[in-house]
Amino acid sequence: MTKVATVEPIPVSYPEPNDFNATRHLCLVRIETDDGLVGWGEAITQFPEASLATRAIVEGMAERVVGRDPVHTNAIWESLKDRAWWYGYAGGIASNAIAAIDIALWDLKGKILGRSVLDLLGGPIHDRLPAVASSHAHYSDIGRMVEEAQEWLAPGLHGVKVGFGKRGDARLGYEHDRDVEYMRRMREGLGPRPQIMIDCGWAVRWDVSTAVRRVQAFEEHGLHWIEEPLGAWDPEGYATLRAKTTTLIAYGEKEWTLEGFERVLATGTVDVVGVDPGRAEGITGFKRVTERVEAYRRQSNAHAWSSAIVSAASLALSFATPSAKLFELKPLRNPMQHDLVTTPFEHREGWMYRPTGPGLGIEVIEEVVDFYRAERVAERV
Ligand SMILES: [Mg+2]
């Protein structure tokens with residue numbers, strides 16, 4: 001029987017062109033078996049201190065993983081949840097750590113059994129999924145942002161999701177007239193077909209009446225969904241917004257646990273539930289969440305805005321649930337997607353096709369991991 005020999009957490013730092021070249025942070029996990037197989041996982045930590053905390057928790061949890069059969073993903077996941085009883089019962093960094101370990105174990109399980117993660121999840125529900133560009137608005141000139149979106153959509157992408165309140169000069173999310181002008185010109189420039197989604201970043205703080213006014217104005221121009229217009233948790237506010245608008249409301253991506261997602265679903269105010277396997281306790285956690293999303297007849301949407309490891313997990317999970325309707329890709333070339341693996345994820349004429357195995361179906365280039373190790377990046381600056 002194959003056994004886990006080592007569990008290594010690896011904080012990485014990298015420049016993200018899709019985020020105005022900001023330095024972003026992840027904590028990867030490399031698990032090796034006694035017969036030399038390697039599985040990869042990722043926690044989407046975003047901040048250096050969160051990466052370091054995740055590393056410490058993974059190191060502590062490793063004693064519950066080493067010596068185990070990697071095929072036993074569910075049993076190990078339960079054991080890790082049990083381990084976190086004091087510091088992570090309701091989520092937090094413990095969920096990041098569990099996420100990264102769980103994804104790496106699923107990768108190994110697939111490699112051991114010679115099947116893809118998608119096969120192990122029960123197989124594809126979809127033949128293909130529409131791909132959309134998931135971007136941040138950066139430029140001060142609205143015309144330039146429309147042109148950029150036109151370029152992204154030219155090879156066939158089905159839509160564009162735009163982050164408001166991000167780094168750069170776009171100043172979107174702050175003034176009613178400029179926001180509505182942007183939406184109007186995007187629709188005019190892209191034509192009637194492409195889906196346009198707006199994602200309100202952390203810096204955008206609308207009150208309920210502002211959110212209602214904005215979304216009503218955006219609706220005139222066919223906004224497909226509004227994401228986190230009232231943040232991660234505001235059930236009364238979301239109920240009001242929902243009563244006064246018809247645009248789909250998306251949130252949930254800041255939840256960690258099944259209980260957190262259940263709480264959001266139970267409000268009856270969410271149409272599109274954002275989930276990130278690198279945060280919401282891995283492939284095991286995401287799968288449990290999508291089963292609840294399916295029961296509520298809502299849409300799930302993989303957050304997938306970090307490395308190719310989370311993209312691989314997200315793609316398999318999206319193909320395995322009827323609740324997924326599209327897949328997001330970062331439009332600009334970036335190191336954690338395009339350099340980290342031998343075959344980066346790309347759409348074909350606007351479509352994503354089912355991932356093939358074994359495991360996550362990616363080959364991680366270890367020299368690239370080493371280059372972006374957080375301590376080495378720190379030495380270079
Ligand atoms: Mg979002």
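Helices (H or I, at least four residues) and strands (E, at least two) are DSSP runs, numbered from the N terminus. This is a predicted model, where local features need pLDDT of at least 70, side-chain atom pairs count only at pLDDT 80 or more, and totals for chains, interfaces and linings use all residues. Residues are numbered from 1 along each chain as its sequence is written.

Figure 1. The C-alpha trace spans about 60 × 45 × 40 Å along its principal axes. Buried residues (20 or more other C-beta atoms within 10 Å of their own; exposed means 12 or fewer, partly exposed in between; C-beta atoms are placed from the backbone) make up 50% of the 381.

**Figure 2. Helix H2 (residues 73-83) packing on helix H3 (residues 93-113).** The angle is about 165° and the axes are 10 Å apart; axes are lines fitted to C-alpha atoms over the stretch in contact, and angles run from 0 to 180 degrees between N-to-C directions. Thr73, Ile76, Trp77, Leu80 and Lys81 of H2 meet Ile98, Ile101, Asp102, Leu105, Trp106 and Lys109 of H3, with contact meaning C-beta atoms, placed from the backbone, within 7 Å.

**Figure 3. Around Ala99 in helix H3.** Ala99 counts as buried, with 34 C-beta neighbours inside 10 Å. Leaving out residues up to four places away in sequence, Ala99 touches Ala43, Pro277, Gly278, Arg279, Ala280, Glu281, Gly282 and Gly285. Phe286 sits 187 residues from Ala99 in sequence, yet their C-alpha atoms are 9.3 Å apart.

**Figure 4. Positive phi at Glu281 and Ala304, neither of them a glycine.** Most residues other than glycine have a negative phi. Glu281, with phi about 65°, is in the loop between strand S9 (272-275) and helix H10 (282-295). Glu281 is buried, with 31 other C-beta atoms within 10 Å. Ala304 has a phi of about 40° and belongs to the loop between strand S10 (299-302) and helix H11 (308-319). Ala304 counts as buried too, with 28 C-beta neighbours inside 10 Å.

**Figure 5. The cis peptide bond joining Gly357 and Pro358.** Omega is about 0° here, whereas most peptide bonds are trans. Look for Pro358 in the loop between strand S12 (351-353) and helix H13 (366-371).

Key: Contact = placed C-beta atoms within 7 Å.
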